[in-house]
Amino acid sequence: MTLNIGVLGYRFMGKAHANALARLPMFFPDAPEIERHTLVGRDEEALADAAERFGFAHTATDWEDAIDEVDVFYNLGPNHVHAEPSIAALEAGVPVLCEKPLAPTLDEAETMRDAAADADVPAGTAFNYRFVPAIRYAKGLIEDGELGEIRQVRGRYLQDWLVDPEAPWAWRMDADMAGSGALGDLGAHTFDLADFLVGDEVGGVDRVSGHLQTFVDERPVYADDGSVEEHRDVTVDDAYTAQVAYESGAMGTFEATRFAAGHKNDHAIEVHGSTGSLKFSLERLNELEVLREGDRGYQTVLVTDETDPYVDHWWPPGHVIGWEHTFVHENYEFLSAVAEGGAFEPSFEQGYAVQKLLDAVERADERGEWVSVE
Ligand code: SOE
């Protein structure tokens, strides 16, 4: 049976997922058969152009029409359009893959989590960094006890696209549309990654601290001729830091920023255990640095062997892969779960768990003290 895919959104994430869908039959022949069926968006001209480039057979300016026509729905729109279409799709029995963070607010994320719990189909949150081969390899090491008892995790996500105060206003800077800024957009990825890697070892999060800062509180909106039309308020954080206390006694430190000059998309995580450590950086995503008991320093493991997760689908050892491949792996797992009636992780439940952390970090910042997550 062919799965007809409907996709809401045709910009950055639309392109990343459309590329993944196009690659699947070529590199993952055991993936379910798919048809890039309907692309959904509001601007008819831009939509028609994107549909042609991305290989979609149809377009729709109304997501409700698309949901009636497809077997699977991808919600890749801005955060404030995550809840309504995703819930409608789930209520119609259509599986959903939704971009992160799950929603702008914890309340909305909760309604999405509940809709997923009532539905009998997969509902996935698109935390793509779980699907980096080196991250899967790291998880294997942790599960096998190679690092011993996990004591500390340290995650950071650094970007620099807002250092310039004249950088244009965008929906990601609006609290109503985005929820939060660097915290939800970038921190959500790191919280999920930490949970994926060490969640089973360290248990849930007990309490968090939080500090959010907005460095530039309004930004220009530019007309097509480059002139400034107006200035709009920035109502989200430009950067956050947080400390996390896990139930096991393990500690976490996390940060993200859009103001780290010189760092374009620098997502890194480190884990320290009683007998070893590991370090991962997205800037060298084919590698993992590992220190085992007795080592005098970190050893760099090139995670490109045929035996490494997902790598046998691509190139011979040493022929490195990139950021876009994480979406192919994510789409493969999600669509396989849909076709086989299996479960997909990260689920909406896991997206909701991350949202609880985002909410707690904001509450901690507002109160100026540590807060519990429940
Ligand atoms: C923001 O700049 C962004 O595009 C995020 O929204 C993505 O989730 C991240 O992977 C790259 O940066």
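**Close-up 1. Pairing of strands β1 and β2 in the predicted model.** Strand β1 (residues 3-8) pairs with strand β2 (residues 34-40) in the parallel sense, over six bridges. Two strands pair if DSSP finds at least two bridges between them; helices (H or I, at least four residues) and strands (E, at least two) are DSSP runs, numbered from the N terminus. Opposite N4 stands E35 in β2. This is a predicted model, in which local features need pLDDT of at least 70 and side-chain atom pairs count only at pLDDT 80 or more, while totals for chains, interfaces and linings use all residues. Residue numbers start from 1 along each chain as its sequence is written.

**Close-up 2. The open sheet of six strands.** The strand order is β3-β2-β1-β4-β5-β6, with parallel pairing. β3 (58-60) and β6 (123-125) are the edge strands, each pairing on one side only.

**Close-up 3. Packing of helices α6 and α8.** Helix α6 (residues 133-143) packs against helix α8 (residues 182-202) at an angle of about 10 degrees, with the axes 10 Å apart. Axes are lines fitted to C-alpha atoms, for helices over the stretch in contact, and angles run from 0 to 180 degrees between N-to-C directions. α6 is therefore roughly parallel to α8 (angles under 35 degrees count as roughly parallel). I135, A138, K139 and I142 in α6 meet L193, F196, L197, V198 and E201 in α8 (contact: C-beta atoms, placed from the backbone, within 7 Å).

**Close-up 4. Surroundings of the ligand.** F12, Q159, D185, H189 and N265 surround the ligand (near: C-beta atom, placed from the backbone, within 6 Å).

How values were computed:
Parallel < 35°, antiparallel > 145°, perpendicular 65-115°, else oblique. Contact = placed C-beta atoms within 7 Å.
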